[in-house]
Amino acid sequence: MIPVSVATWQTPEWLREVADAYRSVGDLCRALGIDPAPFTSAGADWPVRVPRPFARRIARGNPDDPLLRQVMPDTREDDTAPGFVHDPLCEAGACRGAGLLQKYAGRALLLATPSCAIHCRFCFRRHTAYADAGAGPSHWDTALQYVAADPAIRELVLSGGDPLMVADDSLARLFEELAALPQLRRLRIHTRLPVAIPSRVTDELLAMIGRAPWPVTVAIHVNHRNEIDGPVLDALKRLRRSGALLLSQTVLLRGVNDSPEDLAGLMEALPDAGVMPYYLHCLDPVAGAAHFEVPGERALALIRELRRRLPGYLVPRLVREAAGAPNKLPVEFE
Ligand SMILES: *Cc1c(COP(=O)(O)O)cnc(C)c1O
Ligand code: SF4
């Protein structure tokens, strides 16, 4: 939650942007010159949240804008579709308590906070019972005790929600506690905040990364080239210069980025920002998101086309999550 008691003069700009986000279909449509009527009755179970810096990259008057489609409720969210369920990855089964998930060897994932700066309509966490998963700072001590007791965990992945919703002073405390765990070799941060609100890349954050005792990797969630405007480019470059390794994570989404032009355009924009393409995720089959699904055949055809157009190192790995699998599964050519 936003600490509303903090005086404005000491509130960092990014937290003001969080507080200032569009939170209704009406406000968002008014700002963008779009008729709200087709959207107002949709997706009531997942509130609208669109920060203004992200909204500024949406074309005015175009209900089909690829950024708008990711954040605007759609009446199809209320449809049921076979195989699209509330906990598609059976994450509840991988939960060690205190917000710690352990699915893969050597890595554990900490749900550092349940909150997010932006609400993506396709998010598989839209139904996650965070209270059950125990996510949030009040559970960190317990989670870290669990990590400390398991020397096989060499990398901690901070996720959420969005772990950069945690304020810098709390994040610094977490970094310090992690630095005391001798077995930890790497830290990773999975975040959409540098794209949603680029002012989140504060000097304090950069300093924290710069003095961390292990390599810090930041996996940036970005789905379309239009998401990278000047301020985002600048924020990512500063993050890169702090010493962090930057990787991308993209969700393949129908009507958003399922064309060779859109995907190649994004992958070619990433190195400008110091980001290496990493994963292209097939959509997790979460209830309410079936209209975003790109069929497997089509996904493979897109990768084939990317290979023709781009240097090998700019082609992301197409993967999907499967409950109980030992890793994210590569989607392979037959
Ligand atoms: C995706 C994920 C990871 C990281 O997987 P990599 O293949 O190393 O990027 C770790 N833990 C969980 C629970 C995950 O979902
Ligand atoms: S930023 Fe990530 S966790 Fe948050 S709503 Fe979007 S996809 Fe979900």
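Predicted model: local features only at pLDDT ≥ 70, side-chain atom pairs only at ≥ 80, totals over all residues.

Entry 1, ligand site. I looked up the polar contacts (pairs of N or O atoms within 3.5 Å) and found an oxygen atom of ligand 1 at 2.7 Å from an N or O atom in the side chain of R188. A polar side-chain atom of Y279 lies 2.6 Å from an oxygen atom of ligand 1, and one of K328 lies 3.1 Å from an oxygen atom of the ligand. The protein buries 92% of the 380 Å² that ligand 1 exposes when taken alone (Shrake-Rupley method, 1.4 Å probe). I listed the residues around ligand 1 (a heavy atom within 4 Å) as K103, Y104, R107, L109, R188, Y278, Y279, E321 and K328.

Side-chain values use heavy atoms, without hydrogens and water.

Helices are DSSP runs (H or I, at least four residues), as are strands (E, at least two), numbered from the N terminus. The axes (lines fitted to C-alpha atoms over the stretch in contact, with angles from 0 to 180 degrees between N-to-C directions) of α8 (residues 168-179) and α10 (residues 203-211) come within 10 Å and cross at roughly 5°. The two helices are therefore roughly parallel (under 35 degrees). In contact (heavy atoms within 4.5 Å) are D168, L171, A172 and F175 of α8 with E204, L205, M208 and I209 of α10.

I noted that the bond from G160 to G161 is cis, with omega near 20°. G161 lies in the loop between β4 (155-160) and α8.

Terms used
Residues numbered from 1 in each chain as written. Chains lettered and ligands numbered in written order. Parallel < 35°, antiparallel > 145°, perpendicular 65-115°, else oblique. Polar contact = N/O pair within 3.5 Å; in protein donor to acceptor, adjacent residues only side chain to side chain.
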